[in-house]
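I'd like to walk you through one structure, going from the overall fold to a few individual contacts. Let me put it on the screen.

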Amino acid sequence: MPTIRQIRQRIRSVNKISQVTRAYEMISASKMRRAQNAVSASRTYAEKAREVLTYVATEPGRSKHLHPLLEERETVNAVAVILFTSDRGLAGAYNVNVIRKTLDFMKHQTKPVRVVTVGRRGRDLMRRFGKNVIADFSGMGDRPQLSQISALTRAAMDEFLSGRADQVYVAYTDFVNVLRQVPTIRKILPIEAAAEERHGPQAVYLYEPSATEILATVLPRSVEVQIYQALLESIASEHAARMVAMRNATDAAKDLIDGLTLLRNKVRQSAITKEMLDIAGGAEALRQTLAGR
């Protein structure tokens, strides 16, 4: 059985760890609220932009070859995946879930898969598993710069336009709420030109100049918006997962401290009882010695 001193040292250690996890929880909560606001602000714009582009690209009588980013290739020779993970750990199962889903997606592909990683965790694991990592954009942080997003978008479009990949997907974690984040894989290239089935009246848009000129300008920006939205969803999901993980760690530390405190009291009580028995035994021996005289 450990001594009281050893138990006290362990209680102090666990208490220090709980202070660290509590601090991480508060920091992640603050960052998560900011990221959640960014996701909510950009999600509506991304969905509306996609709706308008779908209308322009699929208007009745419109040619199917308005822009190279809309080209559906008959033969798929290679696939590219942009994988969004975090640069740091302590985020529960956040990284594991999206990496597992990506690996499962890659396993079901019959053609070579080229991987672009955003985040050190995904980069390191993909290299460890022997996957073809062609580019890495780690270190973007919580507030990515426009230049970083543009570089990532250019890399994705270059893969498609050069023919090195006939389809480009993003693998990210969709932020639903604080307690639920869903690993998601979605195709971004070629841009889906099929109109979505809707019920009720559909919006009609008037635009100028021609559809070709509009798409030439807006389609690359649309790809950038989709990648940026996936990044924002991933950032919000990361902080939410880390906040929950740190809260669970703090609660576990408190439970451990309670258990150690109970053990310390039992050990101390056992030591006091033993000392009392020793004193009683010594007194009885002294009494018998004096009575024998």
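So, to start with burial: of the 293 residues in this chain, 38% count as buried. Please keep in mind that what you are looking at is a predicted model.

In terms of secondary structure, the chain has five helices and five strands. If you read along the sequence, they follow the pattern α-β-α-β-α-β-α-β-β-α.

Now let's go inside. As a general point, nonpolar side chains in soluble globular proteins tend to be buried together. Here, the largest nonpolar core has 38 residues, and the ones with the most contacts inside it are I82, F84, L152 and L189. Which elements give two or more residues to this core? They are helix 1 (4–58), strand 1 (79–84), strand 2 (113–118), helix 4 (146–161), strand 4 (167–177), strand 5 (180–189) and helix 5 (211–292). Helix 5 gives the most, with 11 residues.

Let me zoom in on L152. Leaving out residues up to four places away in sequence, L152 touches I82, F84, V116, V118, F137, M140 and I227. There is also a second, separate core of 13 residues, and V79, L83, M126 and A171 are included in that one.

Next, a helix pair. How do helix 2 and helix 3 pack? Helix 2 covers residues 94–107 and helix 3 covers residues 120–128; the angle is about 40°, and the axes are 11 Å apart. Because of that angle, helix 2 is oblique to helix 3. Their crossing is right-handed. On the helix 2 side, we have N95, I99, T102, L103 and M106, and these meet R121, G122, L125 and M126 in helix 3. The residues of this contact divide into five nonpolar, three polar and one charged.

One last stop, and this time a threonine: T173, which is found in strand 4. Is T173 buried or exposed? T173 counts as buried, because its relative accessibility is 3%, and the cut-off for buried is under 20%. As for its neighbours, again not counting residues up to four places away in sequence, T173 touches Y94, V98, Q181, V182, P183, E233, S234 and S237.

Key
Residues numbered from 1 in each chain as written. Predicted model: local features only at pLDDT ≥ 70, side-chain atom pairs only at ≥ 80, totals over all residues. Heavy atoms only, no water. Axes fitted to C-alpha atoms, helices over the stretch in contact; angles between N-to-C directions. Helix = DSSP H or I, 4+ residues; strand = E, 2+ residues; numbered from the N terminus. Parallel < 35°, antiparallel > 145°, perpendicular 65-115°, else oblique. Left-handed = near helix turned anticlockwise from the far one by under 90°. Contact = heavy atoms within 4.5 Å. Nonpolar A, V, L, I, M, F, W, Y, C, P; charged D, E, K, R; others polar. Core = buried A, V, L, I, M, F, W, Y, C linked by side-chain atoms within 4.5 Å. Buried < 20%, exposed > 50% of the residue type's maximum accessible area, 1.4 Å probe, protein only.
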